[in-house]
Amino acid sequence: MITTEQREKLRGWFAGRLPDDLFEELVEVTPDREEITVIGRIAEPRLAEGASDAELEAAVRARIQEFRERTREARIEVAREAEHLFRRKVSWGVVCGAERALFTHVAAPVMTRLRQPERQVLDTLIAGGVARSRSDALAWCVRLVQRHTDDWLTELRESLEHVQRVRAQGPDSEEVVDSSSDDGEDG
């Protein structure tokens with residue numbers, strides 16, 4: 001699990017390393033074991049007053065695409081450095097107005113063993129057209145749980161961070177000093 005301190009250090013590294021003109025604001029840096037997702041805010045397109053929703057939507061999509069193409073080289077340079085330092089892939093995304101778009105992201109395979117009743121849940125989701133495969137169905141279930149249990153998951157993550165802090169203070173955290181060479185004198 002990634003601790004709050006590790007998240008803060010990653011966010012600080014990206015805040016310091018990203019070119020000043022890349023984003024208006026660094027919105028989030030979200031790490032897990034395989035990936036670091038970096039999302040920044042970009043300027044909304046300026047439209048005439050009273051522009052339609054369709055015009056706004058098209059302008060925002062075009063702005064996001066323009067940003068993606070224009071900043072590709074700079075983002076690749078930062079990602080290569082970060083991937084070397086942190087041993088994780090870097091994914092990018094932006095927020096433009098109310099729109100949030102991810103450019104790249106890792107779809108990490110997760111192996112699991114499910115009993116028949118659990119497989120039947122996935123197969124029902126497939127049969128109902130909610131998912132195309134068991135993998136899609138399982139991802140759908142995870143998103144559903146995430147949406148409805150954010151408070152509980154946050155509390156669980158905080159508890160796990162506390163456990164890690166307590167472990168770090170344990171007797172195995174300090175280097176064992178070899179006292180066999182001491183001659184009994186301070187010095």
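Tutor: Let us start with a definition: a residue is buried under 20% relative accessible area, exposed over 50% and partly exposed in between, using a 1.4 Å probe and protein chains only. This is a predicted model, in which local features need pLDDT of at least 70 and side-chain atom pairs count only at pLDDT 80 or more, while totals for chains, interfaces and linings use all residues. Residues are numbered from 1 along each chain as its sequence is written, and side-chain values use heavy atoms, with hydrogens and water left out.

Student: Ok, so is arginine 147 buried or exposed?

Tutor: Arginine 147 has a relative accessibility of 57%, so it counts as exposed. It is found in helix α5, residues 134-148, where helices are DSSP runs of H or I with at least four residues, strands are runs of E with at least two, and both are numbered from the N terminus.

Student: Changing topic, which residues touch the most other members in the largest nonpolar core?

Tutor: They are Phe14, Leu18, Phe23, Val38, Ile64, Trp92 and Val94, in a core of 22 residues. A nonpolar core here means a set of buried Ala, Val, Leu, Ile, Met, Phe, Trp, Tyr and Cys residues joined through side-chain atoms within 4.5 Å.

Student: And which element gives the largest share?

Tutor: The largest share of this core, four residues, comes from β3. Apart from this core there is another of five residues, including Leu122, Ala131, Ala137 and Cys141.

Student: What does tryptophan 92 touch?

Tutor: Leaving out residues up to four places away in sequence, tryptophan 92 touches Leu18, Leu22, Phe23, Val38, Arg75, Val78, Ala79, Leu102, Phe103 and Thr104, where a contact means heavy atoms within 4.5 Å.

Student: Which residues of α3 are buried?

Tutor: Arg75, Val78, Ala79 and Ala82 are the buried ones in α3. Seen down the axis of α3, its buried residues fall within an arc of 105°, so they line one face of the helix; the arc is that of the directions from the helix axis to the C-beta atoms.

Student: What is on the face turned away, and what covers the buried residues?

Tutor: The face of α3 turned away from its buried side carries the exposed residues Glu73, Glu77, Arg80 and His84, whereas the cover over its buried residues includes α1, α2 and β3.

Student: How many aromatic pairs are there?

Tutor: The count comes to four aromatic pairs, by a rule in which rings of Phe, Tyr and Trp (its six-membered ring) pair if their centres lie within 6.5 Å, with planes under 30 degrees apart counted as stacked, over 60 as edge-to-face and the rest as tilted. The rings of tryptophan 13 and phenylalanine 86 have their centres 5.3 Å apart and their planes at 85°, so that pair is edge-to-face. This pair links distant parts of the chain, with tryptophan 13 in helix α1 and phenylalanine 86 in helix α3, 73 residues apart.

Student: Which residues do ring pairs link into a cluster?

Tutor: Ring pairs link Trp13, Phe14 and Phe86 into a cluster.
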